[in-house]
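Thanks for coming, everyone. Let me put the model up, and then we'll walk through it.

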Amino acid sequence: DLMEKFAGYGFNRSHSAAYALLAYHTAWLKAHHPAAFMAAVLSADMEHTDKVVVFIDECRSMHITVEKPNVNRCQHMFTAEGDGSIRYGLGAIKGLGQGAIESIVAERERGGVFTNLFDFCQRIDSKRVNRRACEALIRAGAFDELGSSRAGLSASLPRAMQAADQEARASQAGQDDMFGGSSAETVATMAPEAAPDVAEWSEQELLAGEKETLGLYLSGHPITVHLPELERFVHGRLADMRAATGQTRIVAGLVVAMRVLNSRKGRMAVVSLDDGSARMEAVVYSEAYHQYREIFAKDKVIVVEGEVAIDEMTALPAMTVSAAYELEGARSHFARRVSIKIDKARVCNEFVDELANVLAPYRRLGKTPVCIEYDGRAASAGITLGEAWRVVPSEELMRGLEALAGPERVDIVY
């Protein structure tokens, strides 16, 4: 019986020798040609986003830069650019099919690099590279080198595709414009004036576009925008936690993976957090998981508190979670007060009424006091509003207060 069980995945000697040789070859290539090796590994599994994410994390740990997609530089596969850089493969962009990629690369090799979005739309085959494919390229950052913002490119796309379609129909009819120039020349001259004056997407929108098309955040990290606030109540970045072994610490991170397991005491979870400086596993045992399970969700920035220890298997810091918070919950829990600074010019009945209107939807919902800090020529004072005016310091409330008093005059004191 034991021999039969072993035969289910038992290696004979020749099988073991082949595995050993392959292991040696791959280790040698990874050690001596790291960028080329990792480019090949990424290309082999480029259709499996989960694996691409893991391999790009490995590239970062090896100090290999993975450059964002670029319609003027990318091939279908990932390609090494020197010893320390890899160019993203177009084949790993969601929404971009094989035919579209072949059309882009072939036209670039035939006619040279694309100069702008209008030039791109005019030159490629619209039957193979449709609007959905162009939108995916924009959101992935593949047109960033062409000079316009992603929001501007997205707003320009309908007109660029319409102009390209008009040029294609005129070309099929053998027509030139009334001044003797070709339609292609007319399209090329249109491009500088065609980009609408629109505000660039927020960093959250930019990163969401990358996540949608690439399966990961390539040019930034969702936690970055929150760091100035988080640093006021967390005990450091995840990379600093090795020095905190045996201590209770508060940290923040993006949930990049989560495994829910069954234990003798009930369901528990192992959550992988990333804050851009390092990754750390947070173990949530059954009691804490039952209390906080709705907070743990992939691609969500959360704050956790617990004891740090070194994992015996990985030799890396890990945390046993005792409490967890969403960003708004962490703000409410750790905030001492909401501070609003005013001067003599703002002391009037209209301001008081407007302040009451802004606070009203959030009063009695939380426990955070609101403090008015008055600074006049003759005197200054801090006035804490009564308990009936305690609030939840949500993003919406803070934006409302900033609009009323000015961004530099509103703050959360931790």
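Some ground rules. This is a predicted model: local features need pLDDT of at least 70, side-chain atom pairs count only at pLDDT 80 or more, and totals for chains, interfaces and linings use all residues. Residues are numbered from 1 along each chain as its sequence is written, and side-chain values use heavy atoms, with hydrogens and water left out.

Salt bridges. The term means a side-chain nitrogen of Lys or Arg within 4 Å of a carboxyl oxygen of Asp or Glu. How many salt bridges does this rule give? The count comes to 25.

Take Asp57 and Arg279. Their side chains form a salt bridge at 2.7 Å, N to O. This pair joins distant parts of the chain: Asp57 is in helix 4 (residues 49-61), Arg279 is in strand 6 (residues 279-284), and they are 222 residues apart. Helices (H or I, at least four residues) and strands (E, at least two) are DSSP runs, numbered from the N terminus. Asp57 and Arg279 also belong to a salt-bridge network with Arg60 and Asp274.

Now burial. Buried means under 20% relative accessible area, exposed over 50%, and partly exposed in between, with a 1.4 Å probe and protein chains only. Asp57 is partly exposed at 22%. Arg279 is partly exposed too, at 39%.

Next, Arg331 and Glu229. Their salt bridge is 2.7 Å, N to O. It also links distant parts of the chain: Arg331 sits in helix 13 (residues 327-334) and Glu229 in helix 11 (residues 227-230), 102 residues apart. Arg331 is buried, with 4% relative accessibility. Glu229 is partly exposed at 22%.

On to helix 8. Arg169 and Asp165 both lie there, 4 residues apart, about one turn of the helix. Their side chains meet in a salt bridge at 2.2 Å, N to O.

Glu167 lies in helix 8 as well, residues 150-173. Glu167 is buried yet has no salt bridge. Which side chain of opposite charge is nearest to Glu167? Arg110, 10 Å away. For charge, Lys and Arg count as positive, Asp and Glu as negative; His and the chain ends are not counted.

Last, two helices. The axes of helix 7 (residues 131-140) and helix 10 (residues 203-214) come within 8 Å and cross at roughly 125°. Axes are lines fitted to C-alpha atoms, for helices over the stretch in contact, and angles run from 0 to 180 degrees between N-to-C directions.
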